[in-house]
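Hi everyone, thanks for coming.

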Amino acid sequence: MSQQTRRDFLLHTLPTFAAGAGLIACGGGAGGAASDPTPPTPTDPVPPTPEGYKALVAIFLFGGNDAYNMILPASGSAYSDYAKARLDLALPQSRLLALGAADNGVPFAAHPAMSEFQSLYARGRATVLANVGPLVAPIADGQVRSASSLRPPRLFSHNDQSDQWQKASAAGLESVGWAGRAADLLAPTLSRQELPIGISYSGANLLQVGRSQVGFALGTGGAVEANFLRQNPALRPLYAEMLAAGQEHLFAREYASGQQRGLSYNALIASALAAAPASMVSFPGDRLGQQLAAVAKLISVRARLGVQRQIFFVSLGGFDTHSDQLARHEKLLRSLSQNLDAFYRATEALGLAGNVTTFTASDFGRSLSVNGDGTDHGWGSHQLIVGGAVRGGRFHGQMPDLVPGGSRDYTGGRFAPSTSVDEYGSTLLRWFGIPASEMAAVFPNIGRFGTPDLGFLS
Amino acid sequence: MRRTVAATTLSTAVASASAATDNSKLLGGTLLDRGASARFLTQTTFGPTRAEIDRVALIGRDLWLLEQLGKTATLHLPRYQALLAQSASATDARYAAWWEIALTAPDQLRQRVAFALSEIFVVSDADTALNDRPMQLTAYYDLLVRNAFGNFRTLLEQIALSPAMGLFLSHLGNDKPDPVSGRRPDENFAREAMQLFSIGLWQLNRDGSPILDAKGEQIPTYDLAVIENYARIYTGWTWAHRTSWGRGSNQADETEAPMKAFPDHHDSDSKVLIDGSVLPAGQTPEQDLKAALDSLFKHANVPPFIARQLIIKLITSNPSPAFIERIARVFENNGLGVRGDLGAVVTAIFLDPEARLGFLSDQTVYGKLKEPLLRLSQLLRAFEARSRSGVYGVGRTQAAYAQAPLGANSVFNFFSPQFQQPGPIKNAGYYSPEFQLQTETQGVLIVDNLGKRIALTTATAGDNDPVLDLGSLVAEAADSAALLDDLNVLMLGGSMSASLRDIASRAIALMPDAGDEASRMKRAQIAVTVIAVSPEYAVQR
């Protein structure tokens, strides 16, 4: 696209952020860590201090990840309980990759396909947040089966629960995503940032939709353009005019403004990526690897793009393992582990290990009970967080006893979370630069939970 | 019988539509102008062609629908098998069969409805159990084609027993519970068959609005206990070719035959149905299945739930409650006391006054964003695209169009019926499902690909690449007004705005007419491109 036309698109379409405002103070955010009894002993060098750039990278595990076969008791009676409940799906104890003790003193391990994650954990660069999920309010152990008013609506339904994860609104107080709400707050302060804060390499998602800010989806193959415009440069001003012309129909109008954004942002990114340094890290060739490689590449041109805060959305699908779980899940977790490692190394190579935090989310956890060769929809689940700012090498949150009918079992081994998505998100955003005083604007229900900063980031 | 029922529905619909307006020319009847015919065909087919526009204009919508209801179903499996030899892979053969039929089959109405059904009763080659089983996917698609005008209850049962669905929602090989070990039945099909295939999550009024309780809150249709009971009902089924219980299968042995029951692996204890009635212990797998599907079929939610699903796939993203209620009533009773007559339902949808005239009374929201695949199929049909080899090698459309036949990411389809595009659409409270997969970058990829296909010539195309035939435009291409009049009908149902017309004229003028075929072909190509990439072409009204 010619400079002239590109400027036309930019002039007509790019949002103008309030200039001159300073960046919200960031850093700090380690509140709540004082009670941490086991500080990590990382063997890697300490990551560089923040340079005024921070990124969050959400990896959404679509379908509902079976966290109980991802992070599981390593030995002893806790392993026996697990194996008894898991029947044919129980992973052999001898193949497990030891991590460390959870809050309840039980030693935990990772799935055998996750050696890279084990290494990140051992180096203090990764952690596990145990048993997190949508909650209306904290549910005490004894209340799990009785407190129907405290249960989020439409539990165990894929689309509803993944929406609740992305909105952090089990109480029904929000209709947009929590990363989008954070972008609403931050965007006016980012004077040099033309691109939206939310960038998706996995299509449209609710997480990045705010009230005024909306995420922008890119393709993993680099910036795109329309061949008919490249072949017929004279058509460019006419097409720009067509998209700018007032459309009578609301949908045609929205489609046209989407095309304008699509062309202008892709043109902006194309010119920035042209100067991207060659990647020093090779990623797995799978879908997640393509997405995370694209994230790393975009981060590498952050200065050219003038971006200061970015929230990325990538995904890995196929976690709805009602059947054939052992084979399917192993393949997925191997991809996840290898990609978490490759992406962490890419951020190290960029000198940004401490500025980029990667975290997982999923529709829901799965039932501890088994249906043959698979598992069904659950509620709480464990999540992984990786990055130089992570207080890693230890577990965060409270691990449930993996016993059917245990104190947090709602029914059939569907365990009620002990930590809310709201707390998980607010901890990530506190690090990202949302002041504690603004957190209730992002998570309106946060006041009902005790720990708006879970202390897994420093 | 079929003709009688459809004809009854037709005359009822035409009478009610006629009563709604004086302008009967816009309704069923005959003497339709070609633009109105094209608009009708945009709803009812994979895209208007000149011949079909003329036919609708000549015989009217009623007779055209009757004709279509009576046409022999074009099945995909025979074409898939025939195309295997000419295709790089079995999956490519499946796509080639689908495109050949979408673009050329005479039973367009049936094929278009089957495609809509394939986005409600989803199975997908994105799933690891199905991505190397194109034969099963093709057989499943034929099941939808066969039942497109049949009875919903029959459709539901054939879907439930199809091996493709059994693999996709994992009730193939679903074993009875084992109380000793604690093994439970698989809940996947039990849940999604209710949430997505029949009744949905909330109790509905006949007009599709939610029923509210005394506190003003929506009422769930089922809870986990209901799912657990239906999961037990759907136990004991597996591959028809297996001689013993199990889930494994050698593909060479597989056929499209419905799943077979193994009574020893069926949970024969009593179960509670969604209406509270109790299935006695000791029933056969077949008896339990029949009772379960009957209980869903007779649920009061099915008529409005399926009516809305079909209307938003075929006509408009935001139907009025009255439109949904009219169609729900036809679902409940086709006029002859039959519930679930899909032929009557789709006929009523296409002839409803709102389907016919909604675009006049509401010019700003009525209609829908076209699905990417339909933007492509409409372009290819309008200009009768063909390849040298005769194979419709449109190929893998996932990257450029975010869609492929039976290729959604999950059972939730390519887009959700509840999706609202953030910004003005969501703020105004409207639904816009198709926006979900057409992100801004995808939008660029789509127009990029449409432009490339228009630019393809017999000289530049591969053997299997369909090439648009723009030859019919060359004669009129000297005169941009005549050219745009023609394309306005063929591509936009006569709705081209003055602004688009002005821009298209100036675009055509970029290539002056040199009096030769080459310059005129270029003018035609520019005109088709400019319209195909326009916001107006992206929206079905």
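A word on conventions: residues are numbered from 1 along each chain as its sequence is written, while chains are lettered from A and ligands numbered from 1 in the order in which they are written. Please keep in mind that this is a predicted model, where local features need pLDDT of at least 70 and side-chain atom pairs count only at pLDDT 80 or more, although totals for chains, interfaces and linings use all residues.

How does it score? The model has ipTM 0.94 and pTM 0.92. As for pLDDT, the predictor's confidence in each residue, from 0 to 100, chain B has a mean of 94, with 94% of its residues at 70 or more. There is one stretch to flag: residues 13–29 of chain B stay under 50, and the model has 30 contacts beyond four places in sequence for them. By contact I mean two residues whose C-beta atoms, placed from the backbone, lie within 7 Å. Where pLDDT is low, the predicted coordinates should not be read in detail.

Now to where the chains meet. On this interface, 56 residues of chain A are in contact with 55 residues of chain B. Helix H8 of chain A, residues 250–273, gives the largest share of chain A's side, 12 residues. By class, that side has 26 nonpolar, 22 polar and eight charged residues. Here Ala, Val, Leu, Ile, Met, Phe, Trp, Tyr, Cys and Pro count as nonpolar, Asp, Glu, Lys and Arg as charged, and the others, Gly among them, as polar. Helices (H or I, at least four residues) and strands (E, at least two) are DSSP runs, numbered from the N terminus.

Next, the domains of chain B, with bounds from an automatic or database domain assignment. Chain B is divided into domain 1 (2–71 + 301–368), domain 2 (98–297) and domain 3 (369–402 + 442–540). The C-alpha centres of domains 2 and 3 of chain B lie 41 Å apart, and four residues of domain 2 of chain B contact six of domain 3 of chain B.

Last, the helix pair. What meets what between H13(B) and H15(B)? B:Leu310, B:Ile311 and B:Leu314 in H13(B) meet B:Val345, B:Val346 and B:Ile349 in H15(B). The residues of this contact are six nonpolar, no polar and no charged.
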